[in-house]
Amino acid sequence: MTVIISLIPALPLLSFLIIALFGRLLPKKVVALLGVGSVSLSAIMTIISGIDLLSSPPAVGSYTATLYTWMSSGSFTASIAFMLDPLSLVFCFVITFVGALIHLYSVEFMSEDDGFARFFAYMNLFVGSMLILVLAENLLLLYLGWEGVGLCSYLLIGFWYKEPENGYAAQKAFIVTRIGDTAMILGLFLLFISFGTLDIQDLMQQASMKWVSGSPLAVISSLLLLGGALGKSAQLPLQTWLPDAMAGPSPVSALIHAATMVTAGVYLVTRTHVLFALAPVVMAIIAVIGALTLLIAGFSALAQTDLKRVLAYSTISQIGYMFLAMGIGAWSAGVFHFMIHAFFKALLFLAGGAVIHLLNDEHDIFKMGGLRKKMPVVFITFFIGAASLSALPLITAGFYSKDQILWFGWSSSISSHWLWVAGITGAFLTSIYTFRLVFITFFGEMRTEPHHKAGKLMSIPLVVLAVLSLTGGFIELPQNIGPIHLFSRLFDHVLPVVIAGGEGNSELVFQIISAIVSLGGVYIAYLLFYKKSSLAVRFRNSSMNSFFLSGWKFDRVYDFLFVKPAVWLSEIDKKDFVDLIYTSIAKVTEYFNFLFSKTQNGKLRWYVLFLTIGVAVILTIMISL
Amino acid sequence: MEIQILFAAILFLIGLVGFLVRRNIIFMLLSIEIMLNSAALVFVIAGSHWMQADGQVMFIFILTVSAAEVSVGLALILQMYHHFKTLDADALKKLRDKQEVEKT
C-alpha cells in the first residue's frame, strides 16, 4: 500500500523531471505519452488504493505511507509522509482523473505550440504538487505542495510570456496569493508553538483536547489558516487575481483555476475542520465571506464579455458556495460541490477553450454566435456543463450538490436564513449568466466562422466530463428523493455531520424553490439574450454594467489603498540617509571612471606617447634608486 | 662602447619619434621595425664587447621574430585598408570609450 500511495504523486513528478530535462530532445509524441500517461497511471493508482481503502478500511480510518524523515531539529520532526483517507481520496480522484482528461485534451489543444514540452512539464509538476498537497500527512509538507501549485499557477498563467500582459497577470496571481500564504505560514508557526507538532492528526487531537471552544488562540490560528485558504481559493477580499489568471491557456484554466488548485482552500479548511469547529466566530466569517463572494462574483459575471472571464467569476462564485457550506458546518456538502464543480467547470473551460481555439483565439462572446450547428459536440457538452452549473433540477449533478448546500443553509443550526437568501439569489444569478453565455455564443447569427473542427482528443474528454456532470449527482441524493448517500457515507468517520436546526420544514419546498429559481434564471436569460430584449442593451450601456465589468472596482480600490502608498513610501525611502552613503560611493566611483575613460580616446599614437612617458618615468626612478 | 650604444639609442629615438609623428600606418610599422632593430643592435654590440657569440645568435632570433611580426602587421594593414579605405591610424577610433557620466 505504501508503494501505491507514494506512487500517486511520484509518477507525475517523475514525468516532470524527464520532460523538463530532456523535453527538447524528445519528439512530441513521447512528451504527450509521458505527460498523459503519468497522470493516467496516477489515476489508476488512486482507484486501486481507493478500492482498498473502502473495501477493507484500516482500523484508524486512513493509510499512512511514511517515506523518510524530511527534517529533524530538536523536538521537531517533519517527514515525507502521505496519508490517504476518504477526504484526500476524493481530492486525489478529482485531481488525477479530471487532470488526466485535461492532459489528454491539451495534447491536441497545444499541438501547434512551440512550448509543447514546457507545457507538459509544468502541468505534470502541478499535478504532482497538488497531490502532495492533498496527501500530505503534516502541514509542512502540505505547505510545500501549496507553494508548488502556486509556482505552477504562476508559470502557467504566464505561459505565453511574450505578451507582457500575461506576465503581469501571472505576477498579480502570485503576489495576491502570497498575501494569503504569509498568513498561512504564520498560522503554522502559531500551531507549532502551541502544540510542538505539525502532524495533522496529532494537531487536531491536541487542539480539541487543549483548547476550549472560542479560545483566542484557536480563533487567531484558524483565522490565519483561513487567510491562506482565501488567497488560494480567490475569495473576498483576495479574489482579484483569478479573472486575470485567464491569460493562461484554457486547459490551465480548467485544471488549475477551476477544478483543483483554487479549491485547495476548501481542502485546507476541511482538513483542519476540528480547529475551525473550535472557533465559531471564524466559522461565521467563512460563511459570510462565502455568501458575499458568491453574490459579488455572480453580479460581476453578468457583465463580462470575455468568455473565460465569465467562467472565472463563476468559479469564484461557486467556490463561494463551498465556503458557505463549510461555514455552516456542512463539510461533506462542500466537498461534494467541489467534486461536481470540478467536473462541470472543467468541462465548461475545456468546451469554452475549444470554442476560443477553433475561432482563432477569439475571446469576446459578442463576436461569437450561432456556433451550435458548426460544432455540435462542443455545443452539446457546453450546454450540459451550463445546465449543471445552473443546477437545472433532477437531471444535472449540479442540482444535487447545490441543493444540498442550500438546504443546509436553511436547516443547519448554525446557519442564518440570510445565508440561504444569498445562496438562492446566487443560484438565480448563476443560471442567468450561464445561459447568457450559451445563448450569445451558440445561438443567433454567426459572427466568426470556426476554422476547423474539434478533433478526437479534444472531444473525448468533453464527452466523459459531460457524462459525469450529469450523472455525478446520483451518488448522493437528497433525503426525500432516494436513500442513496454514497458520498456522505464516505465521510462518516472523517467529517462531522450537520446538526439540523429545530424547524421541521420540508426539504421538498426548498427543492421546488431552487428549481423554480434556476429555471426562472434560464427563462430570463432566454428573454434577454435570445429574444434580444431592449433591456439587455440598456443594461450594457449603463454605468452599473461597467461597475460589474470591472469586478466591483476592487482593483481600483486596492491600487489606491495599497499599491499607491507602497510606491509613494518607496519613493521616499529611496532618498534616506543610509542609501545616501551607498549612492555617494557609487557616484564617486562613477566620477573617477568618467575621468579615466577620457584617456581611452581610441587614438593609437596617443597611447604610445603615454606608454613612452610611463616607461621613461619608471626607468628614471629605477636608475635613481 | 659608449658611442655604439649612443648610436643604437639615437636609432631607437628616431623610430619612436617616427612612430609618434607619422599617421600613415605603413610608416608606423616601419618605425616599429627601426626600434626593434635598434634593440637588436644593442645585443650585437654587447656580444662584441664581451667577445661572445650569444648576441649575434639573439640578433638572428629577433630578425626572425620581426619578419613574422611584419607579415602579420602587413596582413592587418591590408585588412584595414580593405575595411576603411584609409591608412590613417587616427581615423580608427572605434575603441574609444563613449561613456558619458551625468554631471552631479
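Modeller: Axes are lines fitted to C-alpha atoms, for helices over the stretch in contact, and angles run from 0 to 180 degrees between N-to-C directions. This is a predicted model, in which local features need pLDDT of at least 70 and side-chain atom pairs pLDDT 80 or more, while totals for chains, interfaces and linings use all residues. Residues are numbered from 1 along each chain as its sequence is written, and chains are lettered from A in the order in which they are written.

Biologist: What is the relative direction of α1(A) and α2(A)?

Modeller: Helices here are DSSP runs of H or I with at least four residues, and strands are runs of E with at least two, numbered from the N terminus. Helix α1 (residues 2-22) of chain A packs against helix α2 (residues 28-55) of chain A with axes 8 Å apart and an angle of about 175°. Because angles over 145 degrees count as such, α1(A) and α2(A) are roughly antiparallel.

Biologist: How many bridges pair β1 and β2 of chain A?

Modeller: Two strands pair if DSSP finds at least two bridges between them. Tyr63(A) stands opposite Leu84(A) in β2(A), and in the hairpin, with two residues between the strands, Gly74(A) takes a positive phi near 60°. Strands β1 (residues 63-73) and β2 (residues 76-84) of chain A are antiparallel, and their bridges number nine.

Biologist: Which elements give two or more residues to the side of chain A that touches chain B?

Modeller: Counting residues as in contact if their C-beta atoms, placed from the backbone, lie within 7 Å, 14 residues of chain A meet 13 residues of chain B. The elements of chain A that give two or more residues to that side are α25 (577-599) and α26 (604-624).

Terms used:
Two residues are in contact if their C-beta atoms, placed from the backbone, lie within 7 Å. Angles under 35 degrees count as roughly parallel, over 145 as roughly antiparallel, 65 to 115 as roughly perpendicular and the rest as oblique.
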